[in-house]
Amino acid sequence: PNGSSWRQPHHDAYKFNSNLRENMTVIASLGDTRVLSFKHQTNGILVHAPLKNGMLIYFNDGINNDWKHGIEPLLASGHSTSRVAISMWGISRLQAH
């Protein structure tokens with residue numbers, strides 16, 4: 001890996017597919033720090049969150065519906081990086097207020 005992989009801003013598929021019951025996303029980040037960005041669909045606000053080694057991030061369908069998320073590409077830094085992200089969808093009985 002050289003840090004060139006990234007993920008364009010997107011909504012997870014459970015926003016668009018009523019056959020999917022999933023209502024939450026969990027991402028585990030292992031390895032070098034990368035930046036997870038969220039962009040609000042109505043007002044365009046951008047929020048950036050560093051994902052450091054061993055971090056977990058959770059968001060529910062409310063966040064997935066209103067915000068796109070993606071991993072920012074690294075700028076040319078001259079060094080290689082190692083990172084794995086594991087994304088999981090699930091079903092939560094907790095409801096956002």
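Hi everyone, let me start with a pair of strands: E1 (residues 7-10) and E6 pair in the antiparallel sense, over two bridges. Pairing here takes at least two DSSP bridges between the strands, and strands are DSSP runs of at least two residues, numbered from the N terminus. Before going on, please remember that this is a predicted model, in which local features need pLDDT of at least 70 and side-chain atom pairs count only at pLDDT 80 or more, while totals for chains, interfaces and linings use all residues. Residues are numbered from 1 along each chain as its sequence is written, and side-chain values use heavy atoms, leaving out hydrogens and water.

Back to E6. His10 has His69 of E6 as its bridge partner. Strand E3 (residues 34-40) is also joined to E6, antiparallel, by five bridges, with His40 partnered by Trp67. E6 (residues 67-71) is mostly covered, as four of its five residues are buried, meaning under 20% relative accessible area with a 1.4 Å probe and protein chains only; exposed is over 50%, and partly exposed lies in between.

Now to another sheet topic. Three strands form an open, antiparallel sheet in the order E5-E2-E7. E5 (55-60) and E7 stand at the edges with a single partner strand each, so one side of each has no neighbour in the sheet. E2 (residues 24-31) and E7 pair over eight bridges in the antiparallel sense, and Val26 stands opposite Met88 in E7.

Let me finish with a residue in E7. Which strand holds Ile86? Ile86 is found in E7, and this residue is partly exposed, with a relative accessible area of 38%. Thanks, everyone!
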